[in-house]
Amino acid sequence: MFSTFESLRKALEKRKQNSSFRSLVIENKLIDFCSTDYLGFAKSDELKKSILEEIKNNFSFSGNLSGSSGSRLMRGNYLYTENLENKIANHHKAEASLIFNSGYDANVGFFSCVPQRGDIILHDELIHVSSREGMRLSFALKFSFRHNDVNHLEEKLKKFKGKNIFVSVESVYSMDGDFSPLEAISGLCEKYQAHLVVDEAHATGLYGPNGAGRIVELGLEKKTFAVIHTFGKALGCHGGAIAGSRLLREFLINFSHSFIYSTAIPPINILALNCAYDLLTKSNDKIYKINYLINLFKDKIKMINGIEIIPGFSPIQCLIIPGNERVKNAANKIRESGYDVRAVLSPTVPGGRERLRVCLHSFNSPEELEGLVLSIKKNVLS
Ligand SMILES: Cc1ncc(COP(=O)(O)O)c(C=O)c1O
C-alpha cells in the first residue's frame with residue numbers, strides 16, 4: 001500500500017516523465033507577451049496616481065484598507081462597494097452586479113447554486129475550469145457540446161426541450177483565443193428558452209463601448225441571463241463580478257457559497273477597481289491600439305509557412321507546436337531571445353494540441369512584435 005507521500009511523489013514523477021511538470025517562474029524583465037494585463041492597467045502610473053488620490057480624498061470603509069474584516073454578509077459590506085457594483089452594472093448595461101473575490105469564485109459561485117436539481121447545463125467543451133468546478137458542485141445534469149459548434153448545441157437543446165436549460169460559453173476562449181459565435185448561440189437560447197451564461201474574462205475591457213464587453217458590443221445584454229466579468233485581466237486589478245438581474249443578485253447573496261463563506265475583497269482592491277473603471281472610460285486609444293497590434297501580428301505570422309495558428313481576433317494568439325517537450329523548448333528559446341512567451345502543455349490542452357500562447361498588449365510596440373515574430377520563425381521552425 002502506498003503512503004500519501006509516495007502517491008504524491010508518484011503523480012509528480014509521472015508529470016516529469018511526460019514533460020507536463022509545472023513549476024513557478026519568478027518575474028523577469030523580458031518583453032511581456034504572456035501576461036493578461038492587456039491594456040497595461042496593472043502597471044499604469046495614471047491608475048496608481050488615481051488610486052492614491054482616491055485613498056486620500058474618498059476613503060471610507062470604516063477605516064479599513066488592507067482587509068474588509070468579514071464576509072459581505074457580516075462586517076465586510078460597504079456603501080462604496082455597493083456603489084461600485086451599481087457602476088459596474090451600468091458600465092455593462094445590466095440591471096445589477098455582484099462582486100466576487102475572483103473570477104474563479106464567481107464562476108464556481110454561479111454554477112454551484114443557480115442551476116438546480118432537474119435542470120440541464122450545456123457547456124462548450126472548452127469552458128474554463130472554474131465554470132466546470134462550479135458545475136461539478138451543482139445537482140443539475142451537465143453535458144458538453146463541441147467547441148463553437150452551434151449545430152451540436154442545437155441537437156442538445158432539442159433533446160432537452162422543455163427542461164430548464166443553462167448554456168455556458170466564453171466570449172473569448174482562454175486557451176484558444178477564438179470568439180464564441182454569440183449571436184447564433186443567443187438566438188438558439190431564445191428559440192429553446194434556455195438561459196445564456198457568458199464568461200467575458202478575456203473580453204471585459206477590450207470590446208464594445210468603453211470596453212463593456214462583447215455582449216454589449218453585440219446588443220445581447222437583454223437576452224443574456226448572466227455575464228461574468230473578471231478584473232485581473234484587462235482591468236489590471238483583482239476580483240470578478242456577475243452582472244445580470246436584481247433577482248439574480250439577490251439569489252447569489254443568499255445561496256452562493258463562494259460569496260457567502262469568504263472574507264470580502266479588501267477595500268484597497270475595491271478602490272483600485274473603481275479607479276480602473278474610470279480609466280477604462282478614457283482608454284479607447286488603448287483598445288484601438290491593441291486591435292491594431294492583433295491585426296499586425298496576424299499579418300506577420302501568417303507569412304511564416306509551417307506554423308498552425310488557431311484563428312481568432314483576440315489578444316490571445318496560439319501557435320500549435322505538438323508535444324510538451326517541443327513546445328517547452330521553443331518557449332525557452334524565444335524567452336532566451338528576450339520575449340516572454342509561455343507554453344501551454346497537455347493535459348491543460350489535448351495531447352497533440354500543445355501550444356505557444358502569445359498575449360498581445362496595448363503597450364507592446366510594433367518593433368517588439370516584429371522581433372517576436374522573427375524569434376518565433378527562428379526558434380519554432382529550426
Ligand atoms: C475564462 C476564464 N474565466 C475565469 C477565470 C478566472 O478568473 P480569475 O483569474 O479572476 O480568478 C479565468 C482565469 O484565467 C479565465 O481565463
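A word on conventions before we set off. Residues are numbered from 1 along each chain as its sequence is written. This is a predicted model, where local features need pLDDT of at least 70 and side-chain atom pairs count only at pLDDT 80 or more, while totals for chains, interfaces and linings use all residues.

Let's start with the domains. The chain is assigned domain 1 (21–39 + 284–381) and domain 2 (46–280), with bounds that come from an automatic or database domain assignment. Taken over C-alpha atoms, the centres of domain 1 and domain 2 are separated by 27 Å. Across the boundary, 18 residues of domain 1 are in contact with 13 residues of domain 2; a contact here means two C-beta atoms, placed from the backbone, within 7 Å. On the side of domain 1 that touches domain 2, α12 and β10 (316–320) each supply at least two residues, and β10 gives the most, with three residues. These labels follow DSSP runs numbered from the N terminus, with helices being H or I runs of at least four residues and strands being E runs of at least two.

What holds the middle ground? The largest nonpolar core has 97 residues, and V167, I242, A276 and L356 are those with the most contacts inside it. Helix α11 (residues 267–280) gives the most to this core, with nine residues. Because domain 1 and domain 2 both give residues to the core, it lies between them. Such a core is a set of buried Ala, Val, Leu, Ile, Met, Phe, Trp, Tyr and Cys residues joined through C-beta atoms within 7 Å. A residue is buried if 20 or more other C-beta atoms lie within 10 Å of its own, exposed if 12 or fewer, and partly exposed in between, with C-beta atoms placed from the backbone.

Now for the helix pairs. Two packed helices are described by the angle between their axes and the distance between the axes. Helix α4 (residues 103–113) and helix α5 (residues 129–137) pack at about 30°, with axes 7 Å apart; the axes are lines fitted to C-alpha atoms, for helices over the stretch in contact, and angles run from 0 to 180 degrees between N-to-C directions. Therefore α4 and α5 are roughly parallel to each other, a label for angles under 35 degrees. Among the residues that meet are Y104 and F110 in α4, and M135 and L137 in α5.

A second pair lies in helix α12 (residues 284–301) and helix α14 (residues 366–381), whose axes come within 10 Å and cross at roughly 30°. So α12 and α14 are also roughly parallel to each other. Here L293, L296, F297, K300 and I301 in α12 meet P366, L369, E370 and V373 in α14.

Finally, two single residues. K289 sits in helix α12 and counts as buried, because it has 20 C-beta neighbours inside 10 Å. G240 belongs to strand β8 (residues 240–244), and its 28 C-beta neighbours inside 10 Å make it buried. Beyond residues up to four places away in sequence, G240 touches F100, S102, G103, D105, A106, I228, H229, T230 and F231.

Note on methods:
Parallel < 35°, antiparallel > 145°, perpendicular 65-115°, else oblique.
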